[in-house]
Amino acid sequence: MRVAVIGAGVIGLSTAQSIYEQYHSIVSPLTIEVYADCFTPLTTSDGAAGFWQPYLYDNGKVEETKWNKETFDYLVSCLSSPESIKMGVFLQSGYNLFKEQVQDPSFKDTVLGFRHLTEREMQMFPGYTNGWFNTALMIEGKTYLPWLMDWLKKRGVKFYQRKIESFKELAESGADVIINCTGVRSGALQPDLELEPGRGQIVKVDAPWLKHWILTHDMKAGTYNSPYIIPGSRLVTVGGVFQLGNWSEQNNSIDHKNIWEGACELEPSLQHARIVGDWSGLRPVRNKVRLERETIQSEGTTIEVIHNYGHGGFGLTIHRGCAMEAARLFGGIVEQKGQGPKARL
């Protein structure tokens, strides 16, 4: 069986990994190919800070909370392996800050050591009235994506740098199943009125004295539209903006100024940090993740597609849970085509 994955960000690579893990010993032969017009270090996943935290509330989308937790638990399990440092996975603690009373987040039971901040702790953050402290994870895309690619290459997965114009193009070249992990560009393969870009811009700085992440939240301005500071293994990521409908991937000097001033007000020592550079990228924003199987009929050709996109600003946070679900959907196709293991009588 031939599987074509479109997209080489964290969603595409981890989905290829999960399909291989679950089916390489069941489906024979199993050929997995990854097609993308850009690979690491040029994907959206590479530019992201790589901090594990979903949006504060799942708003009833309990399956997303489940996939987030599965990802967190998987990454925590990787920490017991020396491989974790090659993956770019490590623990990091920090603060979520608010200027108004808010409910506890949907992820409070997933992260480690979640608690409310004390009055004394709040004194460190003038202008904020309450907040939380917890330990979460960093999954740095610039390290994790090369590790995933290497993992896949060692197992015979092939990579092709090529822009795919249609599902039919791959079906006609012999793909039995197509996995659509094209993020914000998915609308070019199949129109999706619910999908739109959520432009982000960040500043990378050299500030090795900062050890805790700090995320502020302005419930009126919305997600990611207030200052955040996220220390990584080498550099600190400072943000942020969340501009719905903005397709620009160019760095904007006004956004830079606003981000920098907000961050320096939150953490004055940043004024002594060396700015390394800016980065802009497009989050694939949707009212919910699209993770489903679709059978498409095109001019007499039946095309089996599994869609896995629309992860907004939390692709690294949810990737493994979604990859395992996509692999489960793939299993349904295998079963239907009668290519699974035969029962032994």
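This is a predicted model: local features need pLDDT of at least 70, side-chain atom pairs count only at pLDDT 80 or more; totals for chains, interfaces and linings use all residues.
The largest nonpolar core has 72 residues, and the members that touch the most others are Leu-13, Ile-32, Val-34, Tyr-144 and Phe-330. Helix H10, which spans residues 315–336, gives this core nine residues, the largest share. Phe-330 is worth a look on screen: with neighbours within four places in sequence set aside, its contacts are Met-1, Val-3, Ile-19, Tyr-23, Leu-30, Val-177 and Ile-306. Apart from this core there is a second one, made up of 23 residues, with Met-122, Val-203, Val-205 and Val-236 among them.

S15 pairs with strand S7 (residues 177–180), to which it runs parallel and is joined by four bridges. Within this pairing, Val-305 of S15 has Ile-178 opposite. S15 also pairs with strand S14 (residues 290–298), this time in the antiparallel sense and over nine bridges. Here Thr-302 of S15 is the bridge partner of Gln-297. A hairpin is formed by S14 and S15, with two residues between the strands. In that turn, Glu-299 has a positive phi of about 50°.

The model holds zero disulfides. For Cys-181, the closest cysteine sulfur belongs to Cys-322 and lies 9.6 Å away; because a disulfide requires sulfur atoms within 2.5 Å, this is too far for a bond. Cys-181 has a relative accessibility of 7%, and Cys-181 therefore counts as buried. Cys-264 is likewise buried, because its relative accessibility is 9%, which falls under the 20% cut-off.

Finally, the second largest pocket holds about 340 Å³ of space. It is lined by 18 residues, of which Lys-99, Tyr-128, Thr-216, Pro-227 and Glu-265 are the closest to the centre. Strand S9 (213–217) and helix H9 (253–266) each contribute at least two residues to this lining. The largest share of the lining comes from H9, with three residues.

Methods:
Residues are numbered from 1 along each chain as its sequence is written. Side-chain values use heavy atoms; hydrogens and water are left out. A nonpolar core is a set of buried Ala, Val, Leu, Ile, Met, Phe, Trp, Tyr and Cys residues joined through side-chain atoms within 4.5 Å. Buried means under 20% relative accessible area, exposed over 50%, partly exposed in between (1.4 Å probe, protein chains only). Contact means heavy atoms within 4.5 Å. Two strands pair if DSSP finds at least two bridges between them. On a 1 Å grid over the protein atoms alone, a cavity is a set of points where a 1.4 Å probe fits but cannot get out, and a pocket is an open set with protein on both sides within 12 Å along at least five of seven lines; lining residues have an atom within 4 Å of a point. Grid points are joined across faces, edges and corners, and a volume is the space filled by probe spheres set on the points.
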